[in-house]
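Look over the fold below before reading the notes. They go from the whole chain to its parts.

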Amino acid sequence: MLIYESKLEGTKNQYERLDNAIRTGLFVRNSIIRAWMDGLIKSRNDAYKYCKVLASKSECPWARLLNSQARQAHAERAWASIERFYRNCASKIKGKKGFPKFKKQLVRASAEYKVSGWKLSVDRRYLEFTDGFKAGSFKLWGTRDLHYYQLDQIKRVRVVRRHDGYYAQFLIDHKREENKELIGRQVGLDVGLNHFYTDSFGEKIDNPRFLRKDERKIKRLQRRLSKTQKHSINRVKARNKLGRAHLKVSRRRNDWVCKLAQRVIQSNDLVAVENLKVRNMIKNHCLAKSISDVAWYRFREWLEYFGVVYGVPVITVNPSYTSQNCSNCGEIVVKTLSTRTHKCPHCGYIADRDENAALNILKLALKELVNTVGRTELEVSGEIPLCFDAQTQPSKGTRRKRKT
Ligand SMILES: [Zn+2]
């Protein structure tokens with residue numbers, strides 16, 4: 001599955017109609033969760049059926065304005081979160097099980113259409129929404145050409161609302177495969193605080209300098225937001241500014257991380273990384289750390305994506321003890337965070353601390369490879385998906401205002 005993204009350009013009135021569609025999608029999702037909690041829905045099929053019930057109810061006349069398949073798409077989303085909760089309960093994971101929550105109205109939200117409810121113009125530069133909200137046609141702004149694909153390859157169209165505007169995401173059913181020659185090199189990567197990663201050859205990649213700079217900017221905007229009065233216009237403005245700054249950071253980061261991941265995959269036959277727990281990352285309140293954590297998480301997603309594209313296995317291993325064990329003899333060598341070099345008293349092996357960890361990660365991965373079949377399925381997740389626009393610099397073409 002590929003995801004292409006274009007910005008939607010329309011009038012204020014059209015955007016309001018998109019807002020209504022997004023709100024209705026949210027309403028369908030939350031209604032399904034409610035009905036599930038009340039015991040009215042017990043399966044995915046029930047959820048589909050409930051969409052029809054919603055559309056015929058007189059209390060919510062707006063529900064039937066949303067395209068019927070779009071209603072189903074939102075029912076699927078709701079059911080996915082219910083299913084995840086069931087799965088977590090069944091597998092008895094520790095801590096919270098992720099009981100489905102009602103979603104709030106936020107700036108960042110989306111509506112999802114399947115194969116109907118929208119139409120591309122013949123030249124594929126305009127997207128028209130044809131459901132009851134009558135949002136009309138929008139000009140598409142983006143770097144990618146949709147001409148390359150057949151219309152029936154577009155399985156979904158998502159309208160995504162962000163702080164800086166409205167976007168259309170096209171989910172295209174296309175399997176990307178690239179040819180890659182064998183290099184005879186396998187690599188293990190260890191994430192660190194001081195460097196973005198250290199590989200098992202001892203090479204270090206530094207954190208990009210813009211992360212620091214962006215961090216300062218976000219801190220400043222956050223302070224400004226907290227000083228504004230609640231429910232004031234200035235607060236809305238400040239929130240928008242902060243939202244835009246966050247978007248800029250995440251786009252920059254995603255771009256950097258994507259290119260780095262592609263390079264790593266292209267120059268290795270096997271890549272081993274540690275499996276960081278997302279849950280621990282979210283608990284983190286230190287801004288600099290959380291920014292680099294997200295960067296690392298995105299990096300890993302891109303590694304897995306390019307791994308599938310180039311046919312390079314990307315193996316994740318449990319990170320415990322990778323820094324403590326000696327990669328040469330396997331004995332445990334206890335060291336604190338401040339000890340930067342690994343000196344083994346058992347075999348005399350001396351190496352950089354992170355390099356030793358990276359070697360351990362590679363070794364663990366090779367062991368794991370023997371035991372299991374590598375994962376081939378790529379899961380696309382997160383708010384900023386693995387989007388192809390991130391792979392190229394957005395062209396800064398001349399943006400003319402659309403004549404109305
Ligand atoms: Zn040793």
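The chain has 8 helices and 14 strands; helices (H or I, at least four residues) and strands (E, at least two) are DSSP runs, numbered from the N terminus. This is a predicted model, in which local features need pLDDT of at least 70 and side-chain atom pairs count only at pLDDT 80 or more, while totals for chains, interfaces and linings use all residues. Residues are numbered from 1 along each chain as its sequence is written.

**Whole chain**
- Of the 404 residues, 30% count as buried; a residue is buried if 20 or more other C-beta atoms, placed from the backbone, lie within 10 Å of its own.
- Among contacts with a separation of 6 or more, 69% join residues 24 or more positions apart; two residues are in contact if their C-beta atoms, placed from the backbone, lie within 7 Å.

**Helix 1**

**Nonpolar cores**
- In soluble globular proteins, nonpolar side chains tend to be buried together.
- The largest nonpolar core has 41 residues; such a core is a set of buried Ala, Val, Leu, Ile, Met, Phe, Trp, Tyr and Cys residues joined through C-beta atoms within 7 Å.
- Ala21, Ile32, Ala75, Val159 and Ala168 have the most contacts inside this core.
- Helix 1 supplies the largest share of this core, 8 residues.
- Another core, of 33 residues, lies apart from it and includes Leu189, Val191, Val257 and Phe299.

- Five strands form an open sheet in the order 10-9-8-11-12, with mixed pairing; two strands pair if DSSP finds at least two bridges between them.
- Strand 10 (204-205) and strand 12 (314-317) are the edge strands, each pairing on one side only.
- Strand 11 (residues 270-274) and strand 12 run parallel and are joined by 4 bridges.
- Val273 has Thr316 in strand 12 as its bridge partner.
- Helix 8 (residues 353-371) packs on the sheet, touching strand 8 (186-191), strand 9 (197-199), strand 11 and strand 12.

Note on methods: A residue is buried if 20 or more other C-beta atoms lie within 10 Å of its own, exposed if 12 or fewer, and partly exposed in between; C-beta atoms are placed from the backbone. Axes are lines fitted to C-alpha atoms, for helices over the stretch in contact, and angles run from 0 to 180 degrees between N-to-C directions.
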